[in-house]
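Keep the picture open as we go.

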Amino acid sequence: TYQRESPDGANCALDEPHKIVWVMEVLGSALSLPPAHTDVANASLDVYEGWILGTARPAPMNEAPEPFLCTMFRHMSTVFTPALAGDETGRQLALGRRVLALFLRIAHHSVSQSSTEIYSQGTHEVLLRVVLSVADFCLRNIMPSELRAFAVRAFFEVWVVSQWTDESLWSIASKHVRQWLGIQVGSTHTHKQRERKRGTRI
């Protein structure tokens, strides 16, 4: 509601960094609300999407974008909670898919000619770490297979697009990937055992 009703006026009012920080605290809290409030979370994502990908950013954000962008990335990751696994309405899962898709759009946007000055090396690193943590969360928790696959794909695509070559982060990522493979093998084995038991009962 804040941005959609009066985007120009709203951004003009955010003429100092501390005002933006205050608004972002509210928006970040909205993203971590229970599944019953996904409409509020989606409205918050609308604002973040406009600020990250759009051109109507508050002036202080253009002057020093890195801390604001990194905070928004972290806020967006709070959508991924155990509640996703028990979402019967599908609304929370749709929110999770939207965030992953937005991470991908951000990654591609960050390397475009018009955005290279906004996205520093530190910003790229935070984006990668956030998407890695989301993928790890989805793999380690009982999430729908579609969401797990999307999360892993998002991480690798963000990595490739950003052309990140830092060895320390790659070492962390490779450890996660090995763990993910172990989780996948274990999950496949458990599924086969269940199928065998069902076949025996029949």
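## Reading rings and helices

Q: Where do Tyr48 and Trp51 lie, and how many residues apart are they?

A: Both sit in helix H4, residues 38-53. They are 3 residues apart, about one turn of the helix. Keep in mind that this model is predicted.

Q: Why does a spacing of three or four places matter in an α-helix?

A: An α-helix has 3.6 residues a turn, so residues three or four places apart point the same way.

Q: How many aromatic pairs does a search of the whole structure find?

A: The search finds 4 aromatic pairs. One of them is Tyr48 with Trp51. Their ring centres are 6.3 Å apart, with 35 degrees between the planes, and the pair is tilted.

Q: Is Tyr48 buried or exposed? And Trp51?

A: Buried means under 20% relative accessible area. Tyr48 has 0%, so Tyr48 is buried. Trp51 also has 0%, so Trp51 is buried.

Q: Why is the pair of Trp159 and Trp170 edge-to-face?

A: Look at the angle between the planes. Over 60 degrees counts as edge-to-face. Here the planes are at 65 degrees, so the pair is edge-to-face. The ring centres are 5.2 Å apart.

Q: Which parts does the pair of Trp159 and Trp170 tie together?

A: Trp159 lies in helix H9 (residues 145-162) and Trp170 in helix H10 (residues 167-201). The pair therefore ties together parts that are 11 residues apart in sequence. Trp159 is buried, at 10% relative accessible area. Trp170 counts as partly exposed, at 46%.

Q: What describes two packed helices?

A: Two values do: the angle between their axes and the distance between the axes. Now the case here. H4 packs with helix H7 (residues 91-110) at about 5 degrees, and the axes are 11 Å apart. Angles under 35 degrees count as roughly parallel. H4 and H7 are therefore roughly parallel to each other.

Q: Which residues make the contact between H4 and H7?

A: From H4, the residues include Ala41, Leu45 and Ile52. From H7, they include Leu95, Val99 and Leu102. The residues of the contact divide into 8 nonpolar, 4 polar and 6 charged.

Q: Which residues of H4 are buried?

A: Among them are Ala41, Leu45, Val47 and Ile52.

Note on methods
Residues are numbered from 1 along each chain as its sequence is written. This is a predicted model: local features need pLDDT of at least 70, side-chain atom pairs count only at pLDDT 80 or more; totals for chains, interfaces and linings use all residues. Side-chain values use heavy atoms; hydrogens and water are left out. Rings of Phe, Tyr and Trp (its six-membered ring) pair if their centres lie within 6.5 Å; planes under 30 degrees apart count as stacked, over 60 as edge-to-face and the rest as tilted. Helices (H or I, at least four residues) and strands (E, at least two) are DSSP runs, numbered from the N terminus. Buried means under 20% relative accessible area, exposed over 50%, partly exposed in between (1.4 Å probe, protein chains only). Axes are lines fitted to C-alpha atoms, for helices over the stretch in contact, and angles run from 0 to 180 degrees between N-to-C directions. Angles under 35 degrees count as roughly parallel, over 145 as roughly antiparallel, 65 to 115 as roughly perpendicular and the rest as oblique. Contact means heavy atoms within 4.5 Å. Ala, Val, Leu, Ile, Met, Phe, Trp, Tyr, Cys and Pro count as nonpolar, Asp, Glu, Lys and Arg as charged, and the others, Gly among them, as polar.
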